[in-house]
Amino acid sequence: MLAITAINHQLQLTDHPIPNPASTQLLVKVAAAGVNRADLMQAQGKYPPLPGESEILGLEVAGEVVGIGEAVSDFKLGDQVFGLVAGGAYAGYCLLEQSLSILQPNTLDAVSAASLPEAWMTAWLNLVEIGQLQIDHHQAGLPAKRVLIHAGASGVGAAAIQLAKSLGAWVAVTTSSPHKQAFCRELGADLVIDYRAADFAAEVRAAGGADLILDTVGGSYLAANQRCLNRDGLMVVIGLLGGVEAQLNLGVLLVKRQRIAGSTLRSQPLESKARLAQALREQIVPRIVSGEYRVTLDRTFELAQAAQAHAYVADNQNLGKVVLRVAE
């Protein structure tokens, strides 16, 4: 089978044997694979796969089940499925754990399905499980939680805006160009800030501050995040686009009782990923089918165009998700 790997930091299309499913795995003939920042980092040698996992890139897959392990009971040959993998999606065939597999609704095509797992599971993990954003908080008559989402037009950002709004939160986002700002407003953001032209911390503070920050930038945003994070607020760092080092103001941290958490999806244990897949299956997908949530698919590329897809994402051109079409 053909697959994309990084050789000397360059993406190359090479031939690989078709993998064999373990007892709890599905063998999926890949129709589409999502593109993520983690893939870009892996290609640069900065985010290697976990020990024992495939060197082939790709964390999101959609396609047809063409093989099953002996312990698989919930899926059969011919099922159209999608899900999260630890690697291997940029290929003709990919292994997918049964517990991370989701039946593809008839109303979704494979490209749309492949755009969902990483973004929505990341949003759920960090807003609901870590950030404790819950609908019952708002329904109980308590003040709406105030959420700041950086990189609001990214795949994760687009999912997080929709999820936070559906859970009753007030949502501010940072983004850049006018069309990205309009995109975030269409998804429901209450305050959209052009981070190139404005002091986002000052604007968020003027609007009431943030109780929860979802930060994809890291280092260069730490001080500004602290300035607009409210008392007892939580900052969840999920990316390091702005660097790995920053100066932390411990005085502000103590006085305002702020908390900072780091979070990645890829290194989560299988049982945690399975729980997130269940949330995607039961809480997110039905709302996508009903139209309450939008699939935010920006553009597709062919598998052989993976390098162009990576360049497109690296240049911050995407509104939502980018997906590779895979055909053998």
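Guide: Axes here are lines fitted to C-alpha atoms, for helices over the stretch in contact, with angles from 0 to 180 degrees between N-to-C directions. Helices (H or I, at least four residues) and strands (E, at least two) are DSSP runs, numbered from the N terminus. The model is predicted: local features need pLDDT of at least 70, side-chain atom pairs count only at pLDDT 80 or more, and totals for chains, interfaces and linings use all residues. Residues are numbered from 1 along each chain as its sequence is written, and side-chain values use heavy atoms, with hydrogens and water left out.

Take helix 5 as the part. Helix 5 covers residues 155–166, and helix 6 covers residues 178–187. Their axes come within 9 Å and cross at roughly 30 degrees. That makes helix 5 roughly parallel to helix 6 (under 35 degrees; over 145 is roughly antiparallel, 65 to 115 roughly perpendicular, the rest oblique).

Now the residues. Helix 5 brings Ala-158, Ile-161 and Gln-162 to the contact (heavy atoms within 4.5 Å). Helix 6 answers with Phe-183, Cys-184 and Leu-187. By class, this contact has five nonpolar residues, one polar and no charged. (Ala, Val, Leu, Ile, Met, Phe, Trp, Tyr, Cys and Pro count as nonpolar, Asp, Glu, Lys and Arg as charged, and the others, Gly among them, as polar.)

Strand 8 (residues 146–149) and strand 9 (residues 170–175) run parallel, joined by four bridges. Arg-146 has Trp-170 of strand 9 as its bridge partner.

Six strands form an open sheet, in the order 10-9-8-11-12-13, with parallel pairing (two strands pair if DSSP finds at least two bridges between them). Strand 10 (191–194) and strand 13 (259–262) are the edges, each pairing on one side only. Neighbouring strands are turned by 15 degrees against each other on average, direction ignored.

For contrast, look at the start of the chain. Strand 1 (residues 2–7) and strand 2 (residues 10–15) pair in the antiparallel sense, over six bridges. Ile-7 has Gln-10 of strand 2 as its bridge partner. Two residues sit between the strands of this hairpin, and Asn-8 takes a positive phi near 55 degrees.

One more helix. Helix 3 (residues 117–130) is mostly covered, with twelve of its 14 residues buried (under 20% relative accessible area, with exposed over 50% and partly exposed in between; 1.4 Å probe, protein chains only). Among the buried residues are Trp-120, Trp-124 and Glu-118. Just after helix 3, Gln-132 takes a positive phi of about 55 degrees.

Last, a loop residue. Ala-91 sits between strand 5 (80–84) and strand 6 (93–97). Ala-91 counts as buried because its relative accessibility is 0%. Leaving aside neighbours within four places in sequence, Ala-91 is in contact with residues including Met-1, Leu-303 and Val-326.
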